[in-house]
Amino acid sequence: MPAPLLEVRDLKTQFFTPEGVVKAVDGVSFELHAGETLGIVGESGCGKSVTALSIMRLIPRPGRIVGGSVLFEGRDLVGLSAAEMQEVRGESIAMIFQDPMTSLNPVFRVGWQVGEPLVIHQAKDNASAGVEATRMLAKVGIPNPQQRARDFPHHFSGGMRQRAMIAMGLTTTPAVLIADEPTTALDVTIQAQILDLLRHVNREFGMATILITHNLGVVAGMCERVMVMYAGRIVESGPTADVFAHPKHPYTWSLLRSIPRLDADRREPLKPIEGSPPDLIDPPAGCSFHPRCAFRVDRCSHDDPRLQPVGDTQQAACWVTQAGTELPRA
Amino acid sequence: MISPLPIEAPVPPSTAIVARTSRGYWREAGGRLRRNRIGIVSGGVLLFFVVVALAAPLLAALITHTDYRSIDLINTFARPLTPSHILGTDELGRDELTRLLFGAQVSMGIGFLAVVVALTIGACVGLVAGFYGGLIDGLLMRFVDMILATPAIFLFILMSILFKPNTITLSLIIASVGWGSIARLVRGEVLSVRTRDFMVAARAFGASDARLIFRHLLPNVLHVMIVFGSLYLGQVVLIEAALDFLGLGISPPTPSWGNMLTNSETYFFHSSWLVIWPGVTIFLTVLAANLFGNAVRDAFDPRLR
């Protein structure tokens, strides 16, 4: 197997608030290979976005990366100077955000903005960047790109703005594209179109994609590999098909079970995960999921499980499954 | 069983939304300004004074046929509408209209220069303070607080004594106090704009701090600066006239509307036009500047719509 494109090792990001230290990302490690699509799923506040922002070194104050490394093509991004990091952002790793309605600067024409990474990184003048931007807008399915490039963001619908953001991310053909909940703010049909577009550009440009979402359906349709995060840690990872068919962590199991099914009896109540995500300032002792876990054993409340191989292809941080117990069908 | 949604729809073949002109924020604001009748009239008055100031030597040569310094001791206190002295003459027989024309140079010159200087310094300080926050913000804003907490007239008097006032130094003196207010306004606006997603997005695409500040932030706070600048112009004209009147501004023989007033107060009951002409001119200019400033604010401030 070739060396991974991006390798995150024991990443720790914390927010130093007056209430205490929030361990938003607490020892996350993973690899991303060229051309691969990796999904990161979890509830709100489990550290998905902070992981992505940490890779980009865009953690807002009072947050700080306190440990670990992010190796991109062998270079540790955590140790780079601000100027070196600017070179990486947009040129090697691009990121698109959740809310396309506010991610474009309202005072500039869309075409100019889509071409801006080229002006920044490849010292192109505005005219040739604009030509390239128009070409990219066409690629992401903006009808009439020549004319639409001259529009302002408020002339674009949400779906079109997200297309424009994707176009902006693609102009420099980065090696990694991080999409942080790219479809959450869009309605379902537009979601499908945007996901289709992401799949399409992933194939055409061969870039590795990290897709962050809380929508398991999105992951199932898009990603080869999936990581499930809980309380700032990865609790399970593995090939998407295996993780969804045979979850090896009770949290994954609960997530899958909570998805409403179209063919279920309509009078049947939804199955939420009882309780709420833990306080990241003062997480519970032992496994952070144990207070909500349906399968917990005594050990879970005082001993913290580590991510270990469970089964042939998956890894899970759970004493129960590591001991060989199979979880029931979700 | 519900049939699956047709999710295989890569590109919507939409050609419905085509020929529609793009109207940006600036064009829309400009359109609103043009539809404001008071704004247009007051803007016209200001423009008139600017043209007068620029063309003062030409107008003096063509219309009044005299120089603002030429003393005519035979024709002192000529009444208005005297042939060859439309607005009369002063105690030294100098033509009042000519002096007003050249006074416009002082008022408009100082007015615009002070506005530009105050806006430039204030915007830079406000942008930097708001963008970086923390210690930089604290230091810069406390400095602004200090300046704004000191009585302005005291600062003006002090600096007028330290530096010999001419058009340039007087503009700088006035601007050295005025930039504080705009710095505060710009900083406040920056605080709300900098947290918007497009700032994070631009940073994620590799934009440097300088690019973020001047390319992405500045255009988003420009409307605050335009509104402040146009309202501030009236204030500057008034401050300048007041300093001249106190003898701390432009000193004779260079005529300014303010020092023309100083000169003539002695003759108020004797030759009231010497007070009325510069007084009315200052009043008109300040009124026009304020009305125009209000019109600009109505057109540019999105919160007022």
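Me: Where in chain A does Asn144(A) lie?

Reply: Asn144(A) sits in the loop between helix H4 (126-139) and helix H5 (145-148) of chain A, where helices (H or I, at least four residues) and strands (E, at least two) are DSSP runs numbered from the N terminus. This is a predicted model, in which local features need pLDDT of at least 70, side-chain atom pairs count only at pLDDT 80 or more, and totals for chains, interfaces and linings use all residues. Residues are numbered from 1 along each chain as its sequence is written, while chains are lettered from A and ligands numbered from 1 in the order in which they are written.

Me: What is the phi of Asn144(A)?

Reply: Although Asn144(A) is not a glycine, its phi is positive, at about 60°.

Me: And why does Asn144(A) count as partly exposed?

Reply: Asn144(A) counts as partly exposed because it has 15 C-beta neighbours inside 10 Å; a residue is buried if 20 or more other C-beta atoms lie within 10 Å of its own, exposed if 12 or fewer, and partly exposed in between, with C-beta atoms placed from the backbone.

Me: Switching to H1, how many of its residues are buried?

Reply: In helix H1 (residues 48-55) of chain A, eight of the eight residues are buried, among them Lys48(A), Val50(A) and Ile55(A).

Me: Which residue just after H1(A) takes a positive phi?

Reply: That is Arg57(A), with a phi of about 55°, even though Arg57(A) is not a glycine. Arg57(A) is placed in the loop between H1 and E4 of chain A, and it counts as partly exposed because it has 19 C-beta neighbours inside 10 Å.

Me: Where is the cis peptide bond?

Reply: The cis peptide bond joins Arg61(A) and Pro62(A), with omega at about 0°, and Pro62(A) lies in the loop between H1 and strand E4 (63-72) of chain A.
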